[in-house]
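Subject: Structure handover

Hello,

Here is the structure for your files. My notes on what was found in it follow below.

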Amino acid sequence: MGANNGKQCGSEGKGSSSISSDVSSSTDHTSTKAPKHAATSEDSDLSMRTLSTPSPALILPPSSPPLTQPGLVNGSSTSSSSVTGETIAMVHAPPAGLLRPETRLRPPKDQRQQAPIDLLPDHAFLQIFAHLPTNQLCRCARVCRRWYNLAWDPRLWRTIRLTGDLLNVDRALRVLTRRLCQDTPNVCLMLETVVTGGCRRLTDRGLHTVAQCCPELRRLEVAGCYNISNEAVFDVVSRCPNLEHLDVSGCSKVTCISLTREVSLKLSPMHGQQISIRYLDMTDCFALEDEGLHTIAAHCTQLTHLYLRRCVRLTDEGLRYPVIYCPGVRELSVSDCRFVSDFGLREIAKLEGRLRYLSVAHCGRITDVGIRYVAKYCGKLRYLNARGCEGLTDHGLEYLAKNCPKLKSLDIGKCPLVSDAGLELLALNCFNLKRLSLKSCESITGRGLQVVAANCFDMQLLNVQDCDVSVEALCFVKRHCKRCVIEHTNPAFF
């Protein structure tokens, strides 16, 4: 009987219930091992053939208490074997004498009353399932045969999102892609996004699985997965030609983005060696150096968003390469890159009117000279973060005020040399300011804030924490900028 059940499961595509079981256990947030009483392919398949609805034991969450009779699942005898550290229950058909009376006397299927939820049409189920995270969707596939078919509808699987420090993400990706490739062997044509942020157990093996099975991938986020290396990243960008969004922030072993050697050798010089990535986040990739940035820029010429926060080994020389090879860069962050100075800003300024977003926060070597370069050539700048640039003075604000009238967000916190005079020049020219941070600017007083409030009516956020600002000035701002949220440290102002 057990052998027959196994054959029946296999007829549904390599064990439909088995795959659902493996996936849901792999994508559990709290444990990478399936509980010993979890339902498996034979158990689920047998239950669906003998009962109108699945046994409660089949849909219990992993945290449920164990059954009171080990070795029996709803009257079925089980035997378990450990494979790669996980317990798999092998379920056999129970003898006729052990069947419960209520099971044997259950009326025919066409005479049973359906549960209210079963009356919903398929499209309603699909709309509900579309809002579920990956692990919950996999669990739904284990409820019954109808839910299984609906939960694995290809339209629900454009995105795989896995999270959790304890998650065996390599195995989860292998099981998921294997199931999604069932109708189109070896290829997941619908999958476009994979997010495994914070899954510290992700290794190169998991990324190789994605690279081999997901040629239509457009977005990959592996932030905080510090076990992956250049080799796996190269494999993904080489096999996924449509990849546009790549987030490898916190992946300290990643020092470059390039094609694999095999792919590079196949491409002719006329074809070029280009990668279609437009968004690249390499925040906290501490090992990235100028030469690595050179390779990235030379291969990813379509970049429009480049974030290099806390890439502490980068220098002014490295900033030349994105400007040379990636003229379309609109957003650039080099915050906390301690070796970046005014010379680096002079290179960045060559992006001219295309640059909209720039962050040089805590780059202590930047002064008014570098800000003048940016203000003079990047007149369409909308966002500037210069927090902690202690060399910035009122002269720097004057350059911004006269050349960047479309500025909407400015952070000049912890710039002790900025005073009311520079703030007034800024307010009289940049009427579109919506967000302004003056945190810990000791020279700012209520006079400068009143000028800002009187001219920038659309102000939405004002940070004046640790500034010497009176309650009267804060009230003045509130009267003139009614939608403005004021962050302050004055206990007398409510």
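In this predicted model, pLDDT (the predictor's confidence in each residue, from 0 to 100) stays under 50 over residues 27–99. The model has 126 contacts beyond four places in sequence for that stretch, a contact being heavy atoms within 4.5 Å. Residues 1–18 also stay under 50 in pLDDT, with 28 contacts beyond four places in sequence. Where pLDDT is low, the predicted coordinates should not be read in detail. Over the chain, pLDDT averages 80, and 75% of the residues score at least 70.

Two sentences on conventions. Residues are numbered from 1 along each chain as its sequence is written, and side-chain values use heavy atoms, with hydrogens and water left out. As this is a predicted model, local features need pLDDT of at least 70 and side-chain atom pairs count only at pLDDT 80 or more, while totals for chains, interfaces and linings use all residues.

Overall figures

The chain has 19 helices and 16 strands; these are DSSP runs numbered from the N terminus, with helices being H or I of at least four residues and strands being E of at least two. Of its 494 residues, 49% count as buried, where buried means under 20% relative accessible area, exposed over 50%, and partly exposed in between (1.4 Å probe, protein chains only). Among contacts between residues at least 6 apart in sequence, 74% join residues at least 24 apart.

Nonpolar core

In soluble globular proteins, nonpolar side chains tend to be buried together. Here the largest nonpolar core has 128 residues, a core being a set of buried Ala, Val, Leu, Ile, Met, Phe, Trp, Tyr and Cys residues joined through side-chain atoms within 4.5 Å. The residues with the most contacts inside this core are Ile257, Met282, Leu358, Leu410 and Leu438. Helix H8 (residues 169–180) gives the most to the core, with five residues.

Cysteines

How many disulfides does a search of the whole structure find? The search finds zero, with a disulfide taken as a pair of cysteine sulfur atoms within 2.5 Å. Cys181 is in no disulfide, and the nearest cysteine sulfur, that of Cys188, is 3.2 Å away. Cys181 is buried, at a relative accessible area of 7%. Cys456 is in no disulfide either; the nearest cysteine sulfur belongs to Cys481, 7.3 Å away. Cys456 is buried too, at 0% relative accessibility.

Cys430 sits in the loop between helix H17 (420–429) and strand E14 (435–437), and has a relative accessible area of 0%. Cys430 and Cys456 are 26 residues apart in sequence, with 7.6 Å between their C-alpha atoms. Cys456 is one of the residues in contact with Cys430 when neighbours within four places in sequence are left aside; the others are Leu400, Ala401, Cys404, Pro405 and Leu407.

Other sites

Asn385 lies in strand E12 (residues 383–385) and is buried, at 11% relative accessibility. The Asn385 side chain reaches the backbone nitrogen of Arg387 at 3.1 Å. Beyond four places in sequence, Asn385 touches Leu358, Ser359, Val360, Ala361 and Asp411.

Leu392 is in the loop between E12 and helix H16 (394–403), and counts as buried at 2% relative accessibility. Its partners, not counting residues up to four places away in sequence, include Ile366, Ile371, Ile412 and Val418. Leu392 and Ile371 are 21 residues apart along the chain, and their C-alpha atoms are separated by 8.0 Å.

Ser229, in the loop between strand E6 (219–221) and helix H10 (230–239), is buried at 19% relative accessibility. Ser229 touches Asp204, Lys253 and Val254, leaving out residues up to four places away in sequence.

Regards

Technical notes. A polar contact is a pair of N or O atoms within 3.5 Å; within protein, one must be able to donate a hydrogen and the other to accept it, and residues adjacent in sequence count only if both atoms are side-chain atoms.
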